[in-house]
Amino acid sequence: MRITTLLGSARKKGNTATVLEWIEQELGAMGHDVERIYLNKKSIQGCLGCAKCRETPHEIACVQKDDAIDIMEKMILSDATLFASPVYFWGFSAQIKALIDRGFSLVTNYHRPGHTSLMEGKRVGLLVTGAGTYGDNAEGLFTSFDRIVEFLLARKSGELYVGECTTPDALPEDIKNKALDLARSMVEK
Ligand SMILES: Cc1cc2nc3c(=O)[nH]c(=O)nc-3n(C[C@H](O)[C@H](O)[C@H](O)COP(=O)(O)O)c2cc1C
């Protein structure tokens with residue numbers, strides 16, 4: 001399978017990148033074709049809310065011609081996309097949230113008859129790291145992701161929250177096993 005991973009942390013060797021790498025290595029070892037996109041180096045403007053994309057339903061008709069277009073094209077061409085983000089103030093990092101908002105151009109007729117999406121049926125997964133516990137920090141983010149999956153008509157293939165993170169070298173050993181489980185679930189579920 002072709003798998004795109006989206007690193008939403010600016011820290012290339014941080015907690016999110018470390019766990020993501022374990023997942024990517026497992027996917028690679030299973031013979032899948034994995035491409036990581038480091039969002040922090042991409043130019044992704046926030047959605048303008050102009051709704052021009054509504055006028056052309058079957059293509060990414062966003063008026064802003066920045067890196068978000070290429071990234072969304074890769075997501076459409078992939079079998080699976082894994083979103084990876086640190087928790088920032090109970091939500092996604094700005095880097096990944098900007099891309100999620102631009103995903104407005106992937107969907108038409110949300111909550112109306114004829115709901116369509118360029119991501120329909122695609123596998124999507126979520127990896128999140130945070131300093132605190134799930135209930136106090138990440139629950140809302142995971143709920144929001146479930147809604148995004150519904151919006152995209154995609155199919156959730158796995159999720160993992162790694163809480164109480166300090167430094168990458170202090171990540172507990174059992175997290176690696178959970179990361180490998182997420183890798184497998186991304187291609188099997
Ligand atoms: C701006 C900012 C906001 C944060 N907000 C939260 C938060 O609301 N809840 C939480 O558990 N951790 C929060 N953290 C901690 C990070 O989520 C945590 O350290 C994460 O593992 C960092 O990932 P990284 O090493 O991949 O950058 C925050 C960190 C920063 C820098």
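I looked up the sheet and found five strands forming an open sheet in the order β2-β1-β3-β6-β7, with parallel pairing. Strands pair if DSSP finds at least two bridges between them. This is a predicted model, where local features need pLDDT of at least 70, side-chain atom pairs count only at pLDDT 80 or more, and totals for chains, interfaces and linings use all residues. Residues are numbered from 1 along each chain as its sequence is written.

I noted β2 (33-38) and β7 (155-162) as the edge strands, each pairing on one side only. Strands are DSSP runs of E with at least two residues, helices are runs of H or I with at least four, and both are numbered from the N terminus. Neighbouring strands of this sheet are turned by 15° against each other on average, direction ignored.

I then checked β3 (residues 80-86) and β6 (residues 123-129), which run parallel and are joined by seven bridges. Ser-85 stands opposite Val-128 in β6. Helix α1 packs on the sheet and touches β1 (2-7), β2, β3, β6 and β7. Contact means that C-beta atoms, placed from the backbone, lie within 7 Å. The direction of α1 makes about 145° with that of β6; angles run from 0 to 180 degrees between N-to-C directions, and axes are lines fitted to C-alpha atoms, for helices over the stretch in contact.

Next I looked at α1 (residues 15-29) against α5 (residues 173-188): they pack at about 50°, with axes 8 Å apart. The contact includes Trp-22 of α1 and Met-186 of α5. By class, I recorded 11 nonpolar, no polar and two charged residues there. Ala, Val, Leu, Ile, Met, Phe, Trp, Tyr, Cys and Pro count as nonpolar, Asp, Glu, Lys and Arg as charged, and the others, Gly among them, as polar.

Last, I looked up the ligand: its shell has eight nonpolar, eight polar and one charged residues.

Technical notes:
Two residues are in contact if their C-beta atoms, placed from the backbone, lie within 7 Å.
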